Amino acid sequence: MANKFSANAPTLGYLYQIRYALFVLLQRIANDPDAQISIEFLDDVAFEHNGTPLELHQLKHHIKKEASLTNSSADLWKTIRIWCENLDKDSNVSQEIALILVTTATAPNGSIASKLRHGSSRDEGEALGKMLKVIEDSSSVTNQPCYNAFKSLSKKQQQFLISKIQIVDQSPNIADLEDKIIKRLRLSTRFPQPLKSRLEGWWFERVINHLMDENHEAIGGIELQNKIDSISDDLRPDNLPNDFPTLVEKDETSLSSNERIFVEQLRLILLGDTRLRFAIGDYYRAFSQRTKWLAEGLVLPDELEKYETMLVGEWRRYFEIMKEEMVSSLPDENRMIELGKSIFKWAETNNHLPIRRDFSGDFARGSYHILSNDLKVGWHPEFQTRLSHLITQAVSQLV
């Protein structure tokens, strides 16, 4: 049987780097808004200033909680090897640099790693002595290149390296980091979970661009704070986030059978194919947006109902005007199609009242299609009598 962690562990490790970078930058900007961070350039994660490293973070994520950072741990020695080689290549390493190993594993009491934690138990001399003894006694083939890298340093370099290493063990795993990010974002909004999901979506895309940047420009704390402020503004009581702002075209095949009534409404007025695809896209965006708002608790069902009632009231006013424009009790079909198109044009292009005062999206347009799907509004003067049978069919399919 295949190991269920064999594929997941490396993937989670990469995702952990991205989420960890977001978390530590969130922490840092509270006191240092000018902080700059890079990923997979100077190290797994690094704080820097104009390309000069200030902190290098090596990250080790483990799915299994019982992972241990023993004296012969590959995690420990591979990290030391990386830092040894960097130190050997760069003789001008800053005296202020910090080399930080962040791991979800635990450093046993008395181990090398435990002696390099920050705090009163730190003992660099004892850690160095234990490292030299491990190198002397170990027969590990895997660790041998790491041992050789450390032995190649001068005694002064070894002591310098040890003085800069900080072990941060028992660190939160990728799931626990999410909780910590949410807790920190509570300072910015009443809705930390929606803020987190949108911020992290932006962050993952930002990191991708960062990794593809040939100049390896660091990500600034000011940029992160500006994004937090922007999303928080969308989460104010008089606003809502617009998560589906882009016009899309969708085919009718993307709809379920009970979602096609509004399409039949548009066919009654002979709407063109391109505008029909736009309409289906507007329906999809509005339906997805309201579902997301409701799931996140950003709106309550009664607020949506009040908004829909307002839309129906506005529609009814124009629909009654349209009916009065019919010059006879039995106008011809072309005239009814013409009038139906005119009221649909009003619904599609009018600057309707937003669901909240500062909301700038076009939620009304798609909402009219949702109402149209329930035959609460329509475009053709005889839409109710011509399409009422479709409601009965849709209800029967749900039973």
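Student: Which strands form the hairpin with Glu40 in the turn?
Tutor: That's strand 1 and strand 2, with five residues between them. Glu40 takes a positive phi of about 55° there. Keep in mind that this is a predicted model.

Student: OK, and how many bridges hold strand 1 and strand 2 together?
Tutor: Four, in the antiparallel sense. Strand 1 covers residues 36-39, and Ile39 sits opposite Val45 of strand 2.

Student: What does strand 2 pair with on the strand 3 side, parallel or antiparallel?
Tutor: Strand 2 and strand 3 (residues 52-60) run antiparallel, joined by five bridges. His49 has Thr52 in strand 3 as its bridge partner. These two strands make a hairpin as well, with two residues between them, and Asn50 has a positive phi near 50°.

Student: Why is strand 2 described as largely enclosed?
Tutor: Because four of its five residues (45-49) are buried, the rest of the structure largely encloses it.

Student: Switching topic: how many residues are in the largest nonpolar core?
Tutor: It has 77, and Ile37, Trp203 and Leu224 are among those with the most contacts inside it. Helix 1 (residues 8-29) gives the most to this core, ten residues. Another core, of 31 residues, lies apart from it and includes Leu76 and Ile97.

Student: What does Trp203 touch, skipping its sequence neighbours within four places?
Tutor: Its contacts include Ile18, Leu22, Leu25, Ile37, Ile39 and Leu224.

Student: Last one: where does pLDDT stay under 50?
Tutor: Over residues 1-6, which have three contacts beyond four places in sequence in the model. The chain averages 92, with 93% of residues scoring at least 70.

Terms used:
Residues are numbered from 1 along each chain as its sequence is written. This is a predicted model: local features need pLDDT of at least 70, side-chain atom pairs count only at pLDDT 80 or more; totals for chains, interfaces and linings use all residues. Side-chain values use heavy atoms; hydrogens and water are left out. A nonpolar core is a set of buried Ala, Val, Leu, Ile, Met, Phe, Trp, Tyr and Cys residues joined through side-chain atoms within 4.5 Å. Buried means under 20% relative accessible area, exposed over 50%, partly exposed in between (1.4 Å probe, protein chains only). Contact means heavy atoms within 4.5 Å. pLDDT is the predictor's confidence in each residue, from 0 to 100. Two strands pair if DSSP finds at least two bridges between them.
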